[in-house]
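Hi,

Here is the structure I promised to send over.

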Amino acid sequence: MHIVVQACILGVLTGGVYALMASGLTLVFGVMRVINVAQGALVILSAYLSYVLFKDVHVDPFLSVLIVAPFMFALGVAVQLIFIRSLRSEQAEELSLLITWALALGIEGSLGAIFQTTYRATNPGYANSAWTIFGYQVSVVRAYAFALSVGILVLLYLLLARTRFGRAVRATVQNPSSARLLGVDADRVRALAFGVGVATASAAGAVYGVLYPFNPGSHYDLISRLLSIVVLGGLGSVGGAVAAALVLGVVEALVAVEISPVWSSFSYFVVLIAILIVRPQGLFGVRERVL
Amino acid sequence: MSRITPIGLLRAAVVLGAAIAYPLVITPDWLVNIGVFTLMYAGLATAWNLFSGYTGYISLGQAAFFGIGAYALAITFNHISIGNGYRPFYVLPLIGLAVGLASLPVAWVALRTRAMTFAIVTLMLLFIVQQLAFNLRSVTHGSQGVAVPQPSFSSNFDRPYYFAMLGILALGLLVTWYVRGSKLGLQLLAVREDEEKARGLGVRVTRAKLIAWGLHVGLTAMIGGVWGYYLFFIYPESAVDPLVMIGAVLMTFLGGRGTLWGPMIGALVLVPAQQWALTDFGATRLYLIAYALVFVVILLALPRGIVPSLRRA
């Protein structure tokens, strides 16, 4: 029993970080029907930025979020304006899948050229310390990472629920053409939403480097998890993504202790396939229409 | 019905003749080697186009079936002898058939989703198969990989592989040509234009999609088998490589989706450049950057592809 509770704690803490990465991905899909396959690569890019800031300037990885996130926001806006907006064909949504894939390859290649393929990790002094609460070990870094993720998710919620920009975003998600008729500047909303989506993910990326060793190729592993999460939660549903991330985090941790760590990441796929057989639109999703 | 027109027949004869003549006239091994890879990508692109080009459903799982084909051949011939070296080629159709049929239940689940979700679910298939290749150690030897017995073709070692790849490509083109002119082809195009309407008009859309899926998977698995046999040694990252698949997708876009010759033309343009870049930049990661740039340029400048653009001009 002890080991199961311990695994659940670990799963929730890990799930929180993935929730943050996946919420950006699903938000972008909701606004512009674009799956950003480069989300994983952008997370890894932020992990490297934070790693460099820590190693060369001695900025704490958690504080580096304040520097990395704005930078990644600007990068996200630029990607939307330069690449995704320029897709003209009637199949722009499907093409965006490929162009963000190209972006991921570009990022992987650039990081590889600069940092080679050796695994790196950001190691602040507290990286290996843990608290003991009621006999359960809680790693300090994971607790901080979870708190940071929850904090940013709350900010994201407030941004979407309470601000003018958030209303414009929700209107665009619900009905793009009506939103445009009512004076929502679609290009602006899309660019900002893409920036926000990338920035939230990269905030998680800054701490990802403390939690796991990473190299330029790590983004494939990340994106496979993130895509499972957003499909499970229902594409476009931020709340669904958060719920799915927590569920999968716990399942993964339980499989690791009960069956074998080798199969833990596989549990993502099993849960996903099982849900798709019962509910193709995911837990909180709406059935996609064919255009 | 697919009609055989004189001009079409002539076109096919010229292309096939040139392809057969190439390794007989041009003998340096490295050039035949590039030829093998060009035909491999042309075959993969043609197979991808058969499903995704005609149905409009973007599948990102092709590398999974490429890998399964490679592993199937490698594991089979670790148990039985390769004979004079040509036996694996004769077994290929069986592998294609088996993998194609086995993929149908998976496709049935994946095809319950639409558009973007389908693309993601098929991409998941790729990760699933790669993970299985790592984890099912008793069958695949995990990350150590599987060695395939080497044949002893005397001179011109690459030629048999070249002709095997050519045969599969020709089969792929033939199937595409036949499907395009058949009732199935019309059904697939109806799915691409408006699936709900097609269903409403009584088209058995799921059946049509599954047939196209099975055909594309079978062709892909056969190509994977030849590839594994050609390289002697396969491991999870090389056999289930997203880059190989995305290359084939890129070539299809360059040549023109939903056309007969487009995917092959895309491969003829890109593969020699790719193989050159691989030998020159392979060690440094500049190769990936070059790949990404070509990709972006093609998607932004030529979203329709060469063949449709020519046809309109």
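This is a predicted model: local features need pLDDT of at least 70, side-chain atom pairs count only at pLDDT 80 or more; totals for chains, interfaces and linings use all residues.

**Confidence, then contacts**

Chain B as a whole averages a pLDDT of 85, with 96% of its residues at 70 or more. For the complex, the predictor reports a pTM of 0.87 and an ipTM of 0.83.

Now the part where the chains meet. On the chain B side, 35 residues are in contact with 41 residues of chain A. The elements of chain B that put two or more residues into that side are α5 (115-135), α8 (183-200), α11 (242-255) and α13 (286-301). α5(B) has the largest share, with 12 residues. Sorted by class, the chain B side comes out as 24 nonpolar, 6 charged and 5 polar residues.

I also looked at a helix pair inside chain B. The axes of α2(B) (residues 29-55) and α7(B) (residues 159-181) come within 9 Å of each other and cross at roughly 25°. That angle is under 35 degrees, so the two helices count as roughly parallel. Their crossing is left-handed. Residues making the contact include B:Gly35, B:Leu39, B:Gly43 and B:Leu50 from α2(B), and B:Tyr162, B:Leu166, B:Leu169 and B:Gly172 from α7(B). By class, the α2(B)-α7(B) contact has 16 nonpolar residues, 5 polar and 1 charged.

Cheers

Conventions. Residues are numbered from 1 along each chain as its sequence is written. Chains are lettered from A and ligands numbered from 1 in the order in which they are written. Axes are lines fitted to C-alpha atoms, for helices over the stretch in contact, and angles run from 0 to 180 degrees between N-to-C directions. Helices (H or I, at least four residues) and strands (E, at least two) are DSSP runs, numbered from the N terminus. Angles under 35 degrees count as roughly parallel, over 145 as roughly antiparallel, 65 to 115 as roughly perpendicular and the rest as oblique. A crossing is left-handed if the near helix is turned anticlockwise from the far one by less than a right angle, and right-handed if clockwise. Two residues are in contact if their C-beta atoms, placed from the backbone, lie within 7 Å. Ala, Val, Leu, Ile, Met, Phe, Trp, Tyr, Cys and Pro count as nonpolar, Asp, Glu, Lys and Arg as charged, and the others, Gly among them, as polar. pLDDT is the predictor's confidence in each residue, from 0 to 100.
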